[in-house]
Amino acid sequence: PQNVLGVLSLVFWAMTFVVTFKYLAFVMRADNRGQGGILALMALVGQKDISKKGRGILLVLGLFGAALLYGDGVITPAISVLGAVEGVAVAAPALHRLVVPLAVAILLALFMFQRRGTSTVGAVFGPVMLVWFAAIALVGARGILLDPGVLRAVSPLHAVSFFARNGAQGFLVLGAVVLVITGGEALYADMGHFGVRPIRVAWLAVAMPAILLNYFGQGALLLHDGSAARSPFFLLAPEWARYPMIAIATAAAVVASQAMISGAFSLTNQAVQLGYSPRVTIRHTSSREIGQIYVPEVNAILGTACIALVLGFRSSTNLASAYGIAVTGDMAITTLLFHRVVRDHWGWSRWKAWPLTILFLGVDVSFFSANVVKIEEGGWFPLAAAAAVFVLLSTWKRGRQVLAVQLRDAGLPLALFLQEIARKKPVRVPGTAVFMTSNVGSAPPVLLHHLKHNKILHERVLLVSVLTEEIPSVSRADRIRASALGEGFYQVVGRYGFMETPDVTAILEALPHLAPPSVPLVLKPMETSFYLGRETLIPTGPAPMARWRKKLFIVMARNAQTASAFFGLPPNRVVEMGAQIEL
């Protein structure tokens with residue numbers, strides 16, 4: 001009985017401290033223009049002038065935190081659905097063999113459904129979750145009536161005495177207690193979709209009371225009947241209500257999984273815009289909600305990995321060993337980035353910032369340490385997945401930096417190029433040519449190749465650059481900047497936030513309305529040609545990268561979505577010009 005009260009006390013104070021105090025009261029105030037999550041926080045921290053070494057450390061922390069979230073995105077749907085379906089074996093032990101096939105079927109249907117967008121799931125999100133919370137609260141309250149003395153666990157003295165009584169084994173129990181706070185990081189990441197106040201109200205008024213009632217009800221059931229330890233959650237419900245509870249739990253698991261999958265899509269979109277991931281297919285599934293996107297490549301990888309986990313671990317208890325490492329690692333990284341925000345953005349002194357950081361970090365490290373012992377039992381999976389994702393993200397970022405330097409060196413200062421155009425007067429043909437370039441103020445190599453080989457220019461030439469700012473979104477007024485350069489050349493710069501998807505066609509259509517009067521740009525689609533460079537990369541150059549990373553970067557570049565598709569260019573108006581580049 002003392003252990004039951006001790007663990008319940010740990011559950012109560014873990015939820016209260018980590019989710020309510022740390023995340024809702026403090027971390028959610030550290031938003032990047034309303035957006036939360038590891039990458040948004042990293043971008044916010046990166047806006048301040050810090051040393052090159054400090055920026056590098058923050059970059060590594062932020063990237064690894066983002067990589068850990070992908071590990072979470074694989075485990076959460078698998079353990080949620082598998083745990084819900086396992087109620088079948090409790091209600092009817094003879095059906096135990098159907099648990100894994102049923103879980104696989106539900107996951108397969110869930111990931112196949114993603115292409116239709118989250119709006120349909122979102123329509124039933126609220127009702128399903130309210131029914132779920134009401135159901136677990138009711139059965140929890142019913143359980144508490146079996147032994148109301150279980151409410152004594154609210155006192156932290158029971159948690160302290162639990163540690164004192166059980167020593168190292170008691171500390172390792174934190175590896176299981178962490179499962180009650182795994183949604184804390186997701187609350188922060190989803191802040192941009194719902195807003196701070198709705199999340200706080202929903203947590204304090206609905207979710208937290210219902211969850212605590214259920215945990216305390218399970219504890220009372222165990223005090224009343226120790227044999228219920230085999231499945232206290234489902235045995236807490238009356239026998240007639242177990243099948244309905246299985247159905248409700250499965251529906252709630254699907255909704256929770258949907259939220260994590262959508263979060264992985266959103267994280268990928270941010271990574272692409274910030275330059276940490278190759279271009280991927282991003283489909284907007286709602287004309288009203290900007291956050292509702294579908295990424296087929298990520299969906300296929302997550303779905304395959306989730307089903308593989310279910311087939312490999314075969315029970316939620318086994319999967320629980322793999323859970324916790326990623327979440328606690330993320331929480332610790334969030335604390336470190338949060339410290340930079342309170343110092344650089346909020347102006348807190350060291351004496352004010354460090355005590356809070358040490359308090360948060362002490363709890364995070366305690367949970368992480370208790371989970372380290374689970375590495376051999378399955379905790380290796382999220383670490384291995386995070387390491388693989390980290391290598392991919394960091395390799396792409398480094399490769400793009402090296403490639404950008406080489407492309408810039410292959411270009412020509414725009415002022416010098418325009419002087420040559422004015423002097424040589426090349427043949428001009430009717431129509432408009434659009435050249436995409438990432439280097440504002442430089443004539444792109446594809447333009448130089450075009451002029452060198454074709455000996456002509458269109459009467460109007462637009463140099464279009466799409467830049468990503470380290471903010472979630474850019475206002476309409478700041479979206480487009482256009483200027484006339486002379487000799488029929490125009491510079492067009494479109495700015496997007498890391499939560500937005502660039503659309504070059506939309507930029508060009510808006511030019512007549514947004515460009516200054518001195519830039520009369522009315523483009524005719526059938527008289528406009530888009531010129532893009534397609535580089536063939538060779539890993540034999542002097543670039544300061546390991547050869548294996550060069551080869552990995554080349555493979556990623558070959559499999560990236562084409563620039564014409566990513567930027568929304570009309571396929572029948574695109575001209576690609578190739579060039580070989582040695583990295």
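1. Phe17 and Phe21 sit 4 residues apart, about one turn of the helix, and both belong to helix H1, residues 2-26. Helices here are DSSP runs of H or I with at least four residues, strands are runs of E with at least two, and both are numbered from the N terminus. This is a predicted model, in which local features need pLDDT of at least 70 and side-chain atom pairs count only at pLDDT 80 or more, while totals for chains, interfaces and linings use all residues. Residues are numbered from 1 along each chain as its sequence is written, and side-chain values use heavy atoms, with hydrogens and water left out.

2. How many aromatic pairs does a search of the whole structure find? The search gives 20. Rings of Phe, Tyr and Trp (its six-membered ring) pair if their centres lie within 6.5 Å; planes under 30 degrees apart count as stacked, over 60 as edge-to-face and the rest as tilted. The ring centres of Phe17 and Phe21 are 5.5 Å apart and the planes stand at 35°, so this pair is tilted.

3. Phe17 is buried, at 19% relative accessible area, whereas Phe21 is partly exposed, at 31%. The cut-offs are under 20% for buried, over 50% for exposed and in between for partly exposed (1.4 Å probe, protein chains only).

4. The rings of Phe566 and Phe567 have centres 5.3 Å apart and planes at 80°, so they make an edge-to-face pair. Phe566 is buried, with a relative accessible area of 9%, and Phe567 is buried too, at 15%.

5. Phe17 and Phe21 also belong to one aromatic cluster with Phe26, Phe338, Trp346, Trp348 and Phe360. Lys352 lies over the face of Trp348, at 4.4 Å from the ring centre. For a charge to sit over a ring, NZ of Lys or CZ of Arg must be within 6 Å of the ring centre and within 35 degrees of the ring normal. Arg479 has its charged end over the ring of Tyr496, 4.3 Å from the centre.

6. Which helix does H1 pass in a left-handed crossing? The partner is H16, which covers residues 325-344, and the two axes come within 12 Å and cross at roughly 35°. On the H1 side the contact is made by Val18, Lys22, Tyr23 and Phe26, and on the H16 side by Met331, Thr334, Thr335 and Phe338. Contact means heavy atoms within 4.5 Å. Axes are lines fitted to C-alpha atoms, for helices over the stretch in contact, with angles from 0 to 180 degrees between N-to-C directions. A crossing is left-handed if the near helix is turned anticlockwise from the far one by less than a right angle, and right-handed if clockwise.

7. Ser315 lies in the loop between helix H14 (296-313) and helix H15 (316-320). Ser315 is buried, at 16% relative accessibility, and touches Leu82 and Glu86, not counting residues up to four places away in sequence.

8. Two loop residues have a positive phi. Most residues other than glycine have a negative phi. Lys455, between helix H20 (445-454) and strand E6 (456-468), has phi near 65° and is exposed at 57%. Glu487, between strand E7 (480-486) and strand E8 (489-496), has phi of about 60° and is partly exposed at 33%.
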